[in-house]
Amino acid sequence: MRLKLFRRCAFALCMVTSLLLLVRLPLVRAQGGEPQYFAIRGAKVVPVSGPPIEDATIVVSRGIITAVAKDAAIPPEARVIDGKDLTVYPGLVDAFADVGIPAAPPSGGEGGGPRRSQEQARGPQDRPASTPWRSGADEVNLSDKRIESWRNGGFTTVICAPKGGFFPGEAAVLNLAGERAGDLVVKSPVAIPLSFQTSGGFGGGFPDSLLGVLAYIRQVWLDTDWSIKAQALYEKNPRGVARPRYDRTEATLAEALENHALVLIPANNTVQLRRAIELIERWQVKGAIYGGQMGYEVAPEIAAKKLPVLVDLKWPDAEKDADPESKPSLRTLRFRDRSPSTPAALAKAGVKFAFYSSSITAPKNILKAAKKSIDAGLSPDVALRAFTLSAAEIFGVADRLGSIENGKIANLVVTDGDLFGEKTKIKMAFVDGRLFEAHEPEKPKDPSEGDITGKWKLSYTTPEGPEESTADLMMDKDGTISGTITSHRGTANIISGYLSADKFSLTSNIVLDQGPTDVMFTGTFDGNSLKGSITVLGMSLDFTGVKPGNAASTTAALGGAQ
Amino acid sequence: MIPGIIDCHSHIAAEAINEGSVSVSSMVNMEEVLDPDDIDIYRDLAGGVTSANILHGSANSIGGQTLVIKLRWGQPASKLPFEGAMPGIKFALGENPKRSNFSIPGQPRRYPATRMGVEETIRAAFSEARDYKKAWDDYNKRVAAGEKNLIPPRRDLKLEPLVEVLEGKRYVHSHCYREDEILMLLRVAKEFGFKVRPFQHVLEGYKVADELASAGVGASTFSDWWAYKVEAYDAIPSNAALMTRRGVIVSINSDDAEEATHLNQEAAKSMKYGSLSHDEALKLVTLNPAIQLGIDKRVGSIDVGKDADLAVYNHDPLSAYAVVQKTLIDGRVYFDREKDIANRAEIEKEKKALTEKLKQAEKKPEEKKAPEKKPEEKPKPPAPTPTPTAAQGAATQGGVR
């Protein structure tokens, strides 16, 4: 025990010294950690709240932007980042997602999360599939791998809501970094999302159709309204009066409505959009629409009611396994063709809108989808605004984020060119003033020699003693490598990897005592074995890798994972 | 030229038909789920239909709130409702609400399971509605008397439309088949003081035609659908004629989007089965349904001052050779056969072009796509005008509709 403790101390000491060394090394890969002082000097800054500033300096002090100007003074404690050829944008906002809430184990209903209670609902009074008290802020969990991948895609903020049911729970604004779950929460609650999706078909309890869902939600609003009034009257004079029954749904919604919470209503096609406009009026709630993809047909009507729209960036596609005999209707074809022109139509009509990722799973495809809208006539400035300040305005947090301004939260994304450019790479992101360097998968310079695909057993010696881990590698035709590396510390994805001629390079991000840390494996591949070095926190270790026989490799992998 | 056909029992133009989870689903409203893009609207226009009574399905003893629409194809949902027409509510008796022909493995059977139970669910719902009305009347009286700080009753979307039925502000459209259940509902209606208007399907109506006539209740039936389930075994094609001869206001309905495209022929059948006159037969799909729906002041016949809702045929409309040439609503042409035929090639061309364009976009890698990007700004007609096909979609006789 003591020996182990000693070893740990020694290892930590070693780490500290290497960290000190690191400060002078150019290849810093510090990820996250405490917000520090940074200055990005000589970059192009696109504040969104104002015109772009060339050759500007941004100072970030412990999570807050403290200066944005052509020649802002750089405090001596700041780590200076050379901004030459770099462009700095406000951190991007994914305006409606469940990033931060790891997928729930599949349950009976759609979308995960709790669905129906054991008892089938017999009417609105049973409050079917309603959990408005759940909250994105409470359910956020740092183990969700999408937090990192979204950050790497330039997203510093999501509007996060639980999924499942007609009232799934309240949405919160989350920044995508922090030591503890609570660090992520910027504001909560900011919205009440609704879903109209039923389990479908008879026999599921009330409601089992769109008819029933709309009646149910209307009854809930009426009940909530009643409970606010009844509770107040009862408090005034409780004697001789039956007390109003406590109902968790009513109580939660009453509080939210009294705070003028935004109610998010699903509507994608024209019929749904027009229906949503009417529902918002009938329900007398402060509403916003999510979906919106057929907005090109009804943008002026949405504008007339001043309703904000969260545009679903997963544009409609032909069904993958569609019956080849069934021909889509003209209306469907037009929808597929024109949906990316919706943002331009909304902008023209004066509708405030933001973008959300919906079912897009790779964050790089979110910007690509927005690019389609730019190709369909949306001005890039407005597209950027939709990803930043407009989203912040819709959810009432524009006073603290969404643009690069003095005093705002230091959420920044740094690129080597125009955000929507096809070749542009995201170089780094600041979330609450924490620096993250994005990992662009590197491409090999030379054609790869041989195929590195397979399970490898890696052996090396750390200050703690000999260690083994397993690398499960997949090589693409172009020589890029993906896969995982599994050690007793857990399994980490390979963020970037390639084989150029016989030289390989693999980078993964592993959680060490210091927090998430980049670990790089480089060396040569001779067709049968790997030989090279592991670089971590400026320290270097030699390693060798062999490919055990198929049967043996399975055991090794299991052994390595323990 | 005849007055536009009125379909007294239709399930087109809606995104949902049944809220089948509960036996009393009066809280749901067809108006909230209207789908103005439903192609069946256009197909029915091509069959000369200009107004339709959009009903909830028959899965429940008391179904949802219903409304009459005009088939204004291309207009938004908010422009479909027939202005000023009395709203309705769907009731259903017999095999559908007692779920005789439906069971879901693993699910407990829903109450009721017998015709007695169907009656009980209706009775219980109206007893509740009566209490609810009384609670509100009491509250309003006490407030009017100056009492302060009274907690109002909760609003109940299920009971509100039933109170409207009791107050005569909402029509009851009751799906039914057998004579016994028809008489049952007449008794329940009398007990609670409301009127059924009209009975729907009412296949055994000829057995109780006198009772229907003396109660002043209309009947909206099928021409000759028969024997698709046990309760439909006693149906006869002379039903419409026999009830008409006994003084019942009778209409022929479709219950089905395809059937609705030839309601003129369905009406004509009553000339063969029951020897109705030409005019009596025509009234079955024009003036009579208008009377049953309370819209006869505006539609149902061609008269000075009435809405210009018209259907133009190339033959006598009751002939099997008759094909609709034009359909007008509010004096505006909503279907024109010549134009429709002329448009078909254009539609096919656009479909082909779009299919090709989308296929290309999918195949090509991102870089190749870049040079050919141009915002598509084609002017487009307000609504797609696809071809009306006669016998599309299987008839849903006997289904839960």
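In this predicted model, A:Val309 sits across from A:Phe353, a residue of β13 in chain A.

- Zooming out, chain A has an open sheet of eight strands, and its pairing is mixed.
- Reading across the sheet, you go β6-β7-β8-β9-β10-β11-β12-β13.

**A serine in a loop**

- A:Ser339 is found in the loop that links α8 (330-338) to α9 (342-349) in chain A.
- Is A:Ser339 buried or exposed? A:Ser339 counts as buried because its relative accessibility is 0%, and the cut-off for buried is under 20%.
- Setting aside neighbours within four places in sequence, the residues in contact with A:Ser339 are A:Gln293, A:Tyr296, A:Trp315 and A:Pro316.

**Two helices side by side in chain A**

- Helix α6 (residues 270-283) and helix α7 (residues 295-304) of chain A have axes that come within 9 Å of each other and cross at roughly 15 degrees.
- Angles under 35 degrees count as roughly parallel, so that is the label α6(A) and α7(A) get.
- As for handedness, the crossing of α6(A) past α7(A) is right-handed.
- On the α6(A) side, the contact is made by A:Thr270, A:Leu273, A:Arg274 and A:Ile277.
- On the α7(A) side, the contact residues are A:Gly295, A:Glu297, A:Val298, A:Glu301 and A:Ile302.

**Chain B in totals**

- Eleven helices and twelve strands make up the count of such elements in chain B.
- Chain B has 401 residues, and 53% of them count as buried.
- Take the contacts in chain B with a separation of 6 or more: 71% of them are between residues 24 or more positions apart.
- The accessible surface of chain B is about 17400 Å², with carbon and sulfur atoms accounting for 53% of that area.

Notes: Residues are numbered from 1 along each chain as its sequence is written. Chains are lettered from A and ligands numbered from 1 in the order in which they are written. This is a predicted model: local features need pLDDT of at least 70, side-chain atom pairs count only at pLDDT 80 or more; totals for chains, interfaces and linings use all residues. Side-chain values use heavy atoms; hydrogens and water are left out. Helices (H or I, at least four residues) and strands (E, at least two) are DSSP runs, numbered from the N terminus. Buried means under 20% relative accessible area, exposed over 50%, partly exposed in between (1.4 Å probe, protein chains only). Contact means heavy atoms within 4.5 Å. Accessible areas come from the Shrake-Rupley method with a 1.4 Å probe; for residues, only the protein chains shown count as cover. Two strands pair if DSSP finds at least two bridges between them. Axes are lines fitted to C-alpha atoms, for helices over the stretch in contact, and angles run from 0 to 180 degrees between N-to-C directions. Angles under 35 degrees count as roughly parallel, over 145 as roughly antiparallel, 65 to 115 as roughly perpendicular and the rest as oblique. A crossing is left-handed if the near helix is turned anticlockwise from the far one by less than a right angle, and right-handed if clockwise.
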